Amino acid sequence: MYRRELLNDWDKKIMEFLRFLTQRGNRATKKAVAQKLALTRPTLLKLVADIQAIFKDMEGFQLTASNYEYYLHIDLTQNLSFITKYLMQYSRKYKILKEIFFVKM
């Protein structure tokens with residue numbers, strides 16, 4: 001099963017956002033992000049708040065915003081694959097699979 005199938009639509013948007021920033025040198029204008037992901041301003045603000053909440057629990061990642069741009073700060077020992085694994089563990093589909101296939105001792 002592919003990783004992206006385990007992620008819900010919101011988690012996919014988070015990954016698209018982060019991937020877009022990394023492709024653009026870890027920074028992009030708010031307008032460019034909104035256009036690329038086809039998000040309204042309120043939805044974009046919620047997405048950024050969710051990403052910042054995720055990063056609060058993780059070391060090596062930080063997302064900051066200025067008036068016009070987003071900046072992604074990534075520790076050199078981390079990568080986006082780590083974030084995908086983190087999101088996957090909290091997805092509803094993963095929890096169902098874990099409940100079915102992992103035997104509790």
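In this predicted model, Asp 11 sits in helix α2. Is Asp 11 buried or exposed? Its relative accessible area comes out at 9%, and since the cut-off for buried is under 20%, Asp 11 counts as buried. Leaving aside residues up to four places away in sequence, Asp 11 touches Leu 87 and Ser 91.

Helix α2 itself covers residues 9-23, and it has a meeting with helix α4, which covers residues 41-56. The axes of α2 and α4 come within 10 Å and cross at roughly 85°. Angles of 65 to 115 degrees count as roughly perpendicular, so that is how α2 and α4 lie to each other. Which residues make this contact? On the α2 side they are Trp 10, Lys 13, Ile 14, Phe 17 and Leu 18. On the α4 side the contact is made by Thr 43, Leu 44, Lys 46, Leu 47, Val 48, Asp 50, Ile 51, Ile 54 and Phe 55.

Now for the strands. Strand β2 takes up residues 61-65 and strand β3 residues 69-74. How many bridges pair β2 with β3? There are five, and the two strands run in the antiparallel sense. For Gln 62, the bridge partner is His 73 in β3. Getting from β2 to β3 takes a hairpin, which joins them through three residues.

Conventions. Residues numbered from 1 in each chain as written. Predicted model: local features only at pLDDT ≥ 70, side-chain atom pairs only at ≥ 80, totals over all residues. Heavy atoms only, no water. Pairing = 2+ DSSP bridges. Helix = DSSP H or I, 4+ residues; strand = E, 2+ residues; numbered from the N terminus. Axes fitted to C-alpha atoms, helices over the stretch in contact; angles between N-to-C directions. Parallel < 35°, antiparallel > 145°, perpendicular 65-115°, else oblique. Contact = heavy atoms within 4.5 Å. Buried < 20%, exposed > 50% of the residue type's maximum accessible area, 1.4 Å probe, protein only.
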